Amino acid sequence: MKRAIPVVVLSIAGLVPVWLYEPSAHTSTVQVADPSPTSSAPSSSDSSSRTVTGPTLNTEKGPVQVQTTFSGTKITAVKLLQQPNHPQTTAAVPKLVAETLEAQSADIDTVSGATITSEAYKESLQATIDDNAKAAAASPSPSTSAASASRTVDGPALDTEKGTVQVQATFEGDKITAVKMLQQPNHPQTTAAVPKLVAETLEAQSADIDTVSGATITSEAYKESLQAAIDAKG
């Protein structure tokens with residue numbers, strides 16, 4: 001019996017390192033999973049950024065509300081705070097946002113299959129654009145010289161057999177930085193043509209651009225109203 005005691009003691013002693021080692025494995029797992037906060041520091045480039053929340057529009061499909069982020073007058077991000085819980089809306093939202101960032105305005109196409117949501121989106125978006133423009137006018141930019149060089153001019157409203165066409169152009173010095181349709185015919189051809197006309201204007205920096213096939217009357221009136229805005233700028 002006395003010889004058996006050392007054997008038991010050694011067996012117990014051999015188990016002790018195993019019991020001590022188990023907790024250390026759990027501790028290292030917790031440390032690896034613990035994320036370090038790195039996004040709390042504000043960026044210096046955010047100082048000129050402004051986020052505006054548009055009105056909530058109640059539609060038969062559900063409420064629609066847009067939030068827009070601007071850097072000066074440039075739209076840098078668009079977010080849907082509220083939207084109908086429908087597959088068509090879910091598919092339409094990325095397209096609407098992409099078109100907004102490209103057009104830099106609410107003058108974008110409606111998405112097929114999500115017309116009601118698209119129209120409400122554009123209305124809420126336009127409200128944020130208007131609000132940002134008012135805020136920019138009320139609080140001058142730190143760069144006074146750049147702000148004073150920017151000017152927005154409305155061209156004349158031209159009545160055509162398709163409907164009324166009126167262009168608004170924004171200039172920085174002699175450069176055309178933005179074009180907006182204040183009035184346009186309610187036709188699919190016009191809706192499709194306007195982004196093309198605006199893109200060509202910004203590229204050509206003049207009203208000497210091609211007419212869009214299928215929207216000749218609107219194109220000609222657009223160019224005439226645009227040219228008048230360019231002439232009025234002086």
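Student: Where is the place of N85?

Tutor: N85 lies in the loop between β4 (74-82) and α2; helices (H or I, at least four residues) and strands (E, at least two) are DSSP runs, numbered from the N terminus. Residues are numbered from 1 along each chain as its sequence is written, and side-chain values use heavy atoms, with hydrogens and water left out. This is a predicted model, in which local features need pLDDT of at least 70 and side-chain atom pairs count only at pLDDT 80 or more, while totals for chains, interfaces and linings use all residues.

Student: Is N85 buried or exposed?

Tutor: Buried means under 20% relative accessible area, exposed over 50%, and partly exposed in between (1.4 Å probe, protein chains only). N85 has a relative accessible area of 77% and is therefore exposed. The C-alpha atoms of N85 and G62 are 7.5 Å apart, although 23 residues separate the two along the chain.

Student: What describes two packed helices?

Tutor: The angle between their axes and the distance between the axes. Axes are lines fitted to C-alpha atoms, for helices over the stretch in contact, and angles run from 0 to 180 degrees between N-to-C directions. Helix α2 (residues 87-103) and helix α3 (residues 115-138) pack at about 40 degrees, with axes 10 Å apart. The two helices are therefore oblique to each other (under 35 degrees is roughly parallel, over 145 roughly antiparallel, 65 to 115 roughly perpendicular, the rest oblique).

Student: Which residues of α2 and α3 meet?

Tutor: T89, L96, V97 and T100 of α2 meet T117, S118, Y121 and L125 of α3, contact meaning heavy atoms within 4.5 Å.

Student: At what angle do the axes of α5 and α6 cross?

Tutor: At roughly 40 degrees, and the axes come within 10 Å. That makes α5 oblique to α6. On the α5 side the contact is made by T190, L197, V198 and T201, and on the α6 side by T218, S219, Y222 and L226.

Student: How many residues has α6, and how far does it reach?

Tutor: The expected span of a helix is 1.5 Å times one less than its number of residues. Helix α6 (residues 216-233) has 18 residues and reaches 26 Å from its first C-alpha to its last, close to the 26 Å expected. G234 follows α6 and has a positive phi, near 80 degrees.

Student: Against what do the buried residues of α6 pack?

Tutor: The buried residues of α6, among them A221, K223 and I230, pack against β5 (150-154), β6 (158-159), β7 (164-172), β8 (175-183) and α5 (188-204).
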